[in-house]
Amino acid sequence: MSLSVNLLDPAIMGNDSSMYELFGQLRENDPVALVEHPDFEPFWAITKHEDIKAISQNNAEFLNNPRTVLIQREFEEALLSQFGTRNGLETLIHMDNPKHRKLRNVTRNWFKPAPIDELSADIRAIATEYVDKMANMDGKCDFVKDIALLYPLRVIMSIIGVAPEEEAMMLKLTQELFGGQDPTQSRGVNIDDGLAVLMDFFSYFTGVVEDRKENPTDDLASVLANALIDGEPMEQLDQISYFIITATAGHDTTSATISGGMKALLEHPDQLLKLRENPGLSMQAAREMIRWVSPVRHMMRTTTKDIELRGKTIKAGDSLCLWYPSANRDSDAIEDPDTFNIERDNRNQMAFGFGGHMCLGQHLAVLETALFFEELLPRLEHIELAADPDWVQAIFVGGLKSMPVRYTFR
Ligand code: HEM
């Protein structure tokens, strides 16, 4: 059996060392690999930085629809019959132009660095809250479950306008959506369980839209509830799916970055020390954590024409899967990629994707990661692992599931 089929094994992909070993082998031996597996429609696995960048920036010939992420064939068929598309509910990442551009424009300005920077004081206050929580936990906690999962959730929910009392429910739903292959996080093994998760998102956000139409505030929910597309109100399904993409993309990824970033600092005490002594490096360090963790493992594109890539013939209509963590460890594009270096110039990294779909929340992600470590490190005297970390078994958004730590505060 071909090595590339291991890309579909959540146990291999849900652990940094086995995942990066697999990517290294693929980049070396089969960088454009056809993956055939009984449970999935075939696809081409793209693992070189150069190819991923070129495909991502050509949005006219490499489409996000109809296949945006890897979903088991059986589930894709269920989505097709329920929603009329293999992607199910279509969010920004599932759309192509011209619709994609029009919908992205609704929040494009909201997520630009200047307006996001204006939220710094509020985000820092939430960071302080979680660092205080850690300080009050008797010198031990599960850094993932007690801190890293909750802080970004509070940030994105406050930006969207979700009330604090609804957050626990949103966290559970997001984990059920992204951790679907992890038996401890999915709602159930049946297709109906997955569809029920989507329906729960739908019913919650329908209520939010109704409320903000009546009572607009300055939150993102009000922007979405009252947005006009070509002079007409945004369709309700588009509004709901917009909520889902911001709520989900906006927190699991950053959680994984903060916990994976903490783990990287634990494993590289010189970098931890450097960051503590030079808080001005925090944004650069956050970018390095994002490269190092690359929590979004893949996105897919469908080619509109026959192409030749590294000696392989790819036919119009074939799907290509872009593996971002692999791009970020490709030594042809990134110098000394297996070294964690918080002073690295990370302009060429691929964790946020590239081109027309490049992550809308990237500045927010960097800022909230930076602010958290700015608040934590000066107060932390010592920190170490208290038990082996555990990983989420997932092939889409991955990261740590648990990381018990022992520490002392100053
Ligand atoms: C470290 C954290 C994050 C990482 C690694 C990440 C990564 C990504 C990636 C790889 C894509 C797809 C890019 C492509 O197809 O070229 C994406 C899209 C997106 N991300 Fe993020 N993301 C992060 C945080 C956030 C945050 C905090 C938000 C806030 C709402 C967010 C919102 C979005 C949205 C809305 C899209 C869809 C953009 C589109 O299709 O036009 N992300 N992100």
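Reply: We begin with burial: a residue is buried if 20 or more other C-beta atoms lie within 10 Å of its own, exposed if 12 or fewer, and partly exposed in between, with C-beta atoms placed from the backbone. Helices (H or I, at least four residues) and strands (E, at least two) are DSSP runs, numbered from the N terminus. The model is predicted, so local features need pLDDT of at least 70 and side-chain atom pairs count only at pLDDT 80 or more, while totals for chains, interfaces and linings use all residues. Residues are numbered from 1 along each chain as its sequence is written.

Me: Which residues of helix 2 are buried?

Reply: In helix 2, the buried residues are Asp16, Met19, Leu22, Phe23 and Leu26. Viewed down the axis of helix 2, they fall within an arc of 135° (taken from the directions from the helix axis to the C-beta atoms), so they line one face of the helix. The face turned away from this buried side carries the exposed residues Ser17, Glu28 and Asn29.

Me: What covers the buried residues of helix 2?

Reply: Contact is the idea needed here: two residues are in contact if their C-beta atoms, placed from the backbone, lie within 7 Å. The cover of helix 2 includes helix 1 (10–13), strand 1 (32–37), strand 2 (40–46), strand 10 (319–323) and helix 17 (324–327).

Me: Is Ile46 buried or exposed?

Reply: Ile46, in strand 2, is buried, with 28 other C-beta atoms within 10 Å. Leaving aside neighbours within four places in sequence, Ile46 has contacts that include Val32, Asp51 and Leu322. Ile46 and Leu322 are 276 residues apart in sequence, and their C-alpha atoms are 5.1 Å apart in space. By contrast, Glu214, in helix 11 (residues 191–214), counts as exposed, with 8 C-beta neighbours inside 10 Å.

Me: How is a pair of packed helices described?

Reply: Two packed helices are described by the angle between their axes and the distance between the axes. Axes are lines fitted to C-alpha atoms, for helices over the stretch in contact, and angles run from 0 to 180 degrees between N-to-C directions. Helix 7 (residues 120–135) and helix 9 (residues 151–160) pack at about 150°, with their axes 10 Å apart. Helix 7 and helix 9 are therefore roughly antiparallel to each other (angles over 145 degrees count as roughly antiparallel, under 35 as roughly parallel, 65 to 115 as roughly perpendicular and the rest as oblique). Residues making this contact include Ile123 and Ile126 of helix 7 and Arg154 and Val155 of helix 9.
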